[in-house]
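Please consult the sequence and the structure shown below.

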Amino acid sequence: MGSEPVLRASVQTGLRFQGTSARAATSTLKTAQGGFRFELTDQQKEFQEVARKFAREEIIPAAPSYDKSGEYPVALIKRAWELGLINSHIPESCGGMGLGIFDACLITEELAYGCTGVQTAIEANSLGQMPVIIAGNDMQKKKYLGRMTEEPLMCAYCVTEPGAGSDVAGIKTRAEKKGDEYVVNGQKMWITNGGKANWYFLLARTDPDPKCPASKAFTGFIVDADTPGVQMGRKEMNMGQRCSDTRGITFEDVRIPKENVLIGEGAGFKIAMGAFDKTRPPVAAGATGLAQRALDEATKYSLERKTFGRLISDHQAVAFLLAEMAIKVELARLAYQRAAWEVDEGRRNTYYASIAKAFAGDIANQVASDAVQVFGGNGYNSEYPVEKLMRDAKIYQIYEGTAQIQRLIISREHLVKFKN
Amino acid sequence: MSARVLVGVKRVIDYAVKIRVKPDNTGVVTDGVKHSMNPFCEIAVEEAVKLKEKKLIKEVVAVSCGPQQAQETIRTALAMGADRGIHVEVSGKDYDNLGPLQVSKILAALAKKEETSLIILGKQAIDDDCNQTGQMTAALLDWPQGTFASEVVLEGDKVKVIREIDGGLETVRLKMPAVITADLRLNTPRYATLPNIMKAKKKKIDVVKPGELGVDLTSHLEVLRVDEPPQRQAGMKVETVEELISRLKEAGRM
């Protein structure tokens, strides 16, 4: 009974505690009201602590094996659900916590630090739910959001098709009104949680007239996944975030009751796009979490590895690499925090959300690649943690609006602002 | 079953932080350093909350002694399931000199005031490693004690405690009211879930001054100096046993 084992700590928890919380912990608040502040509330710090602890102690040890096997991380998702880390946006009236986007981003960054595959599976829930949260009526909210807080269920956002990703207005899945139902036929692709979802948010074209504008031609539906005619494709083997379940879904004469239409026929496009203002900041937060992890791993390694008689961190080439990685991570964090804060304040945040997502996605890739570089030959090898980060990072420039689409949005917003 | 359990929770420097000695060697750097609940106190809170969930006790009260920040530690206990908190306000020089003797006087006074059946503490704090507070509190109250608990079982008006001792495990049966100190293997503390953190904000924390409890905080100990442990010297490799022996002889170790 003599020696004391390490108290529940894995090696990774020795990593330097980063971000606003550690240093802000004991700073005294100089301003009582108003003004620009970078301080988290006590509750936000506590939430961040729980997410951080869960990520470091439970996600990190399990992530490599989920990455190798591609197996869906059911146990981790269930645990995250028990801790209240998922479904944070669900309103209190439906059994949720009704947290703002900023709080959700804090949690997301911490989970992504552990593994972005796990975090994406969780984030897909928020994306699927967002149309219902912003556009659902009371009955729809109680029915489809309520169940998410009673059991650990997943949902999915079903918009992209094999032939249309960025060009949402180009989707071809058809929904025809027949009596009190809509009959849906079409093909969706790259649906995260496609094979695990209990229900989907589906965007389909209800007006076949090609001259009908996008703002009137599409309708948003809630579809129960077990509706006859919904066929799940195989789980796709992707470059990274491999434990996340991504599939094609085929809809063959799927009948949806009219009660499951969000707002009304023709309102779908606006709903689908409106969700992004709230979901892009968390995606940016996820990319930031990955980048922070890459920076921490590279820094730790640089303080251990020696070459030419000194630690590689003493060599300016490596030190400068780390400095640039740090610059990018700090700025990405500030960007998503601003985007999240804007939308929580009730303002339209499209400009900031796109900037945050574009920047974070780009730097996540750069920082992950630089981390592999710091590790040298070891970095290329699967025994070390950074090659996974590089594979996981790529998708951040693609999903939730490609890097190019973000630039389209930002330029448009910027020019409009400038002209007014 | 109207039993009330008092759990002491101490705010200490987080276990993962690299400790630095102050340049003037009077103590350790605490400014701007991450603090959290002492891990053994977490285990104590968990045990108390478990007893409440089994409906064997009625109320769990979390107590912490220190400056304003001690309330953060109490909040964590509330988020884990404690019902209410008591913050004994101690700051400045008094806080610097706060040791097991002072804390046990405070706990003893509170235990009498709050009609407590059981006090559960962590076996020791990871900053001073004293392992004294539980024992002193029991002595001041003249209550039985079960220290280094790896299992706690309530049996009516008695409590069975299985203690981890050097030779193995010892089982004792204590008549309540009693003091128990928690050892590592007693349980695995739960995470505070996000909904519980939000609920904890509505729970009450009473603030009390040591004077109100009639406790004298004078310390009879003076810290003269704090130093870092000596740096570990590099070792050397030898090729044969003969070389090992000759080197040991050279160094005067044989």
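## Polar contacts and the interface

Four residue pairs are in polar contact between chain A and chain B, both residues of a pair being at pLDDT 80 or more. A polar contact is a pair of N or O atoms within 3.5 Å; within protein, one atom must be able to donate a hydrogen and the other to accept it, and residues adjacent in sequence count only if both atoms are side-chain atoms. The model is predicted: local features need pLDDT of at least 70 and side-chain atom pairs count only at pLDDT 80 or more, whereas totals for chains, interfaces and linings use all residues. Residues are numbered from 1 along each chain as its sequence is written, chains are lettered from A and ligands numbered from 1 in the order in which they are written, and side-chain values use heavy atoms, with hydrogens and water left out.

On the side of chain A that touches chain B, the elements giving two or more residues are α2 (42–69) and α3 (74–82) of chain A; helices (H or I, at least four residues) and strands (E, at least two) are DSSP runs, numbered from the N terminus. The most is given by α2(A), with nine residues. The contact (heavy atoms within 4.5 Å) takes 27 residues from chain A and 27 residues from chain B.

## Salt bridge

One salt bridge is found across the interface of chain A and chain B, the criterion being a side-chain nitrogen of Lys or Arg within 4 Å of a carboxyl oxygen of Asp or Glu. A:E49 and B:K34 form a salt bridge, with 3.3 Å between their closest N and O atoms.

## The sheet of chain B

Chain B holds an open sheet of nine strands with mixed pairing, in the order β9-β8-β7-β10-β6-β1-β4-β5-β11; two strands pair if DSSP finds at least two bridges between them. Because β9 (168–175) and β11 (205–208) of chain B stand at the edges with a single partner strand each, one side of each has no neighbour in the sheet.

In chain B, strands β7 (residues 145–155) and β10 (residues 178–182) pair in the parallel sense over three bridges, and B:G146 has B:I180 in β10(B) as its bridge partner. Strand β8 (residues 158–165) of chain B runs antiparallel to β9(B), joined to it by eight bridges. A hairpin through two residues links β8(B) to β9(B), and B:E164 has B:L169 in β9(B) as its bridge partner.
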